Amino acid sequence: MLYELTNNTTGQAAPERVIGAQGNTKYILEVVKLSAWYGKAKAVNDISMKIKAQAITALIGPSGCGKSTLIRCMNRMHEVSDGGKVSGQVLLDGSDIYGREVDAVTIRRRIGMVFQKPTAFPTMSIFDNVASGINLTRLWYRKGELQDLVVHSLKKAALWEEVKNKLNRSGASLSGGQQQRLCIARAIAIEPEILLMDEPCSALDPISTLKIEELMLEIKKDYTVVIVTHNMQQAARVSDCTGFLLLGELIEFAPTKELFSVPHDKRTEDYITGRFG
Amino acid sequence: MSEAGRVRRKWTNRIMLILCGCAVGLCILILALIVGYTVAKGANYLNVDFLTHTSKPVGEIGGGMRDEIYGTFILVGLASVIALPIGLMAGIYLAEFGSPAVASVVRFIADVLAGVPSIVVGVFAYAILVRPMHTYSALSAGVALAIIMIPVVARTAEEAMRLVPNSMREAALALGINRWRAVLGVVVPGALTGIITGIVLAVARIAGETAPLIFTALGSAFGVQGLLQPIGALPLQIYRYALSPYPDWQQQAWAAAFLLMILVLGINIVVRSVSRRKSM
Amino acid sequence: MKCSDSGTTSSIAVKDWSGRRGRLGDKIFLYLTFIFALIIAVSLVALLIVLNISAWPAIQKFGVSFLTSLDWDPVKEVFGALPAIYGTLLSSIIALIIAVPISIGSAVFLSELAPAWIREPCSFLIEMLAAIPSVIIGLWGLFVLVPFIRSPIESWLGSHLGFLPLFQGPLFGLGFLAAGIILAVMVVPIITAVSRDVMRAVPVTQREAMYALGATRWETIYRTVLPYCRSGLLGAVILGLGRALGETMAVTMVIGNSYALTSSLFSPGVTIASKIASEFSEASGDIYIGSLVELALVLFGITLLVNIIARLMVWRMISVKATGE
């Protein structure tokens, strides 16, 4: 497998290890020397990484390490925050999403996001929630089209069985775990290529968390998933690759099994074994 | 601590607390007196005639305030038609689109405008509409009331939209929805209850406004003649009839006051209890 | 643009309006809402300009003496604002003297003493008092309060305290005392509401500290809560003052409309607002109308100043509380 590791704090050049290269592994997203600020405070410091397609990549690290900021840079949500600034590149299929002529809105349709707090739109029905990505971006649509899409998205998000009889109820009438799956269905409905998830389970109970983890493993066949989590066990369970961040820097980025069993950096090891964070 | 000192403190405490209770009691007493007298004196004279007849000439007993009731509704409607689009759009600007610097200036100006005494607004409307057009008119009164209404609607709409959590906005933007559609499709619907409350309370407020009407609407003895003609309204008629020397007219003033009070207080009570129940 | 074909039926091409069209939509909306917001700013500026233009004939003729002259003669076209300014200030001060103790007392009761089941309805009722249109309060004032003031109130004051110039003169009922009382009625709800909010903002720890020292309820309020929110309370009072200064209808109906400067509370008088309200529709001629408009300008200036001061005080209190205790 091919992977890259960048570690600027030690001043070393990035060592490239090729261990049994296996054909073309597609990298759908590449982060190149990305830095991000909130006003004057630097939250992400010169990070580079490559995200594998149709796989789950996890970002772990103690709170405040910049993982949420990093993931928000991937779909240009960081600039929506107060004082959010970005430098560097994020290449989607080779072209920089921060390019001059690139519209952030188009990017966000290709790179979707699910947030920590389940945010079903309370003024819309469940059906309209899932369809909102389409409804609010087009001038008109045919009723029949959306029906199929909504059903399909809800099935993919493993929510269909539970809501099929109450599609007209308000989105806010669902439980936390259901709302989060609704948000996932909503994000899937616009058919993105990549799905970013910012601590999607941290506000949920263990059963909902389990359901969503199963969901992630299912949808990775169709989408690339990048997940930020403060739960290491979760990262170990679901992800293919894992990146460890500390104080805004990418300390280590490796296949999950490797990172958790034989971490190369002492700080990674300290974090995984619970010495801090 | 001496025993006498402790007793004194205890009694001071009791007396002051009782006085505070009396203060509240006094407020409620005054409210009861005002509402009570209005109901007592007004309900007596309120009959079907009052609502359906127009006013009789000076000296004649009887007649009603049908045209003034129409007038109030027309003026409120006119003011709303002008004020609601401006106020709401301005509110959206302040809450969602405005750059912080410009928005705070606009906000400050809106607050200043909200504090202008309503009679000064009436003078302004007179100067820009009544004088050039050489006629008192419903239009000028509507504009005066609209000027009073706009800052109130704008600020309450802004406050209501600010209450919508940022996570909603971000969720909409993350779906690749344009900013303006996110505002119209997610934020405004989310703030709708607050916005409507603000609007309805503003309407109740201008329905009772009199000062700006005195020299813009003027009042009309000939009924509703059109937007560019003088027009009567309930509060205006109350004022005129109350100061008149005719007991019959004074009676009518009470009846009109009763009607106006039901309208204004009714709206306030309904709106406030609905929003109280919602927030519980 | 799909990453894999999972054989689904969804074939909706993303025919959406993002991209360049979206940016355009945002821009249009931004400008549209900005224009409406600008209307508000323009209204205020227009108000100032138009009022000044209309008042110009009078400003030109009288200059500063407008503010100090006692005359008001439409025939000779000589006008002065002093009695109106005096009346406005006097009635407002009387109103505050009556209203402030009642308001602060009510606010203390509502914020500190009342259990929830009393607090909610009482606050609600006081808000209702604020919602009553001022013309109705004026009507009540004219037919219920004024006779009551005439006797027993004024007759008692006249016979017992008549040695003071404040309480001398014939008893009309109408006059500054009535105006002050009616203004107090209108101003109490505002001062109470703002004071109550300001008091509730005082952190619980302050009160707890006093109780721990063995203070009584009243002592806690008097020594901790009230001093803590002093500037907020002052702001509330000044907000009430602003309201009283601009109040028109109720005052016009009970003040008796006499353009004179007297020292007695029993005598009729005018306020700026009541003068404008009672004479504007009959005024003619540039100087006459200009003088009335100039009165309006003076009123605008006074209330603007007062409101800004009030806002600063309340704002300061809230920000002090937010940044540190």
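Among contacts in chain A between residues at least 6 apart in sequence, what percentage join residues at least 24 apart? The figure comes to 68%. Bear in mind as we go that this is a predicted model, so everything below is read off computed coordinates.

Let's stay with chain A for a bit. Its secondary structure comes to 10 helices and 12 strands, and of its 277 residues, 48% are buried. Now look for the open sheet of 6 strands in chain A. Going across it, the order is β8-β9-β10-β5-β11-β12, and the pairing is mixed. Which strands stand at the edges? They are β8 (111–114) and β12 (249–255) of chain A; each has a single partner strand, so one side of each is left without a neighbour in the sheet. If you compare neighbouring strands of this sheet, they are turned by 20 degrees against each other on average, with direction ignored.

Strand β11 (residues 241–246) of chain A runs antiparallel to β12(A), and 6 bridges join the two.

On to chain B. Its domain assignment gives domain 1 (3–45) and domain 2 (52–279), with C-alpha centres that lie 33 Å apart. How many residues does each domain put into the contact between them? Domain 1 of chain B gives 6 residues and domain 2 of chain B gives 7. On the domain 1 side, those residues divide into 3 nonpolar, 2 polar and 1 charged.

Now bring chain C into view next to chain B. The contact between these chains takes 71 residues from chain B and 67 residues from chain C. Several helices of chain B supply at least two residues each to the side that touches chain C, including α3 (66–97), α6 (138–162) and α10 (247–279). Which helix gives the most? That's α1(B), with 19 residues. By class, this side of chain B has 55 nonpolar, 12 polar and 4 charged residues.

Why does B:T72 count as buried? Because it has 27 C-beta neighbours inside 10 Å, and 20 or more is the cut-off for that label. Leaving aside neighbours within four places in sequence, B:T72 is in contact with B:A207, B:A233 and B:L234. B:T72 also lies 9.3 Å from B:L236, C-alpha to C-alpha, though the two are 164 residues apart in sequence.

How far should you trust chain B? Its mean pLDDT is 88, and 95% of its residues reach 70 or more. Within the chain, confidence is highest in α6(B), at a mean of 95, and lowest in helix α2 (residues 48–52) of chain B, at 71. As a rule, where pLDDT is low, the predicted coordinates should not be read in detail.

Last, chain C by itself. The domain assignment here gives domain 1 (20–63) and domain 2 (67–323), and their C-alpha centres lie 31 Å apart. The contact between them takes 10 residues from domain 1 of chain C and 10 from domain 2 of chain C. Of the residues on the domain 1 side, 7 are nonpolar, 2 are polar and 1 is charged. Finish at helix α10 (residues 272–279) of chain C, which is mostly covered, with 7 of its 8 residues buried. Among the buried ones in α10(C) you'll find C:I272, C:I276 and C:A277, along with C:K275 and C:E279.

Key: Residues numbered from 1 in each chain as written. Chains lettered and ligands numbered in written order. Predicted model: local features only at pLDDT ≥ 70, side-chain atom pairs only at ≥ 80, totals over all residues. Domains from an automatic or database assignment. Contact = placed C-beta atoms within 7 Å. Nonpolar A, V, L, I, M, F, W, Y, C, P; charged D, E, K, R; others polar. Helix = DSSP H or I, 4+ residues; strand = E, 2+ residues; numbered from the N terminus. Pairing = 2+ DSSP bridges. Axes fitted to C-alpha atoms, helices over the stretch in contact; angles between N-to-C directions. Buried ≥ 20, exposed ≤ 12 C-beta atoms within 10 Å, placed from the backbone. pLDDT = per-residue confidence, 0-100.
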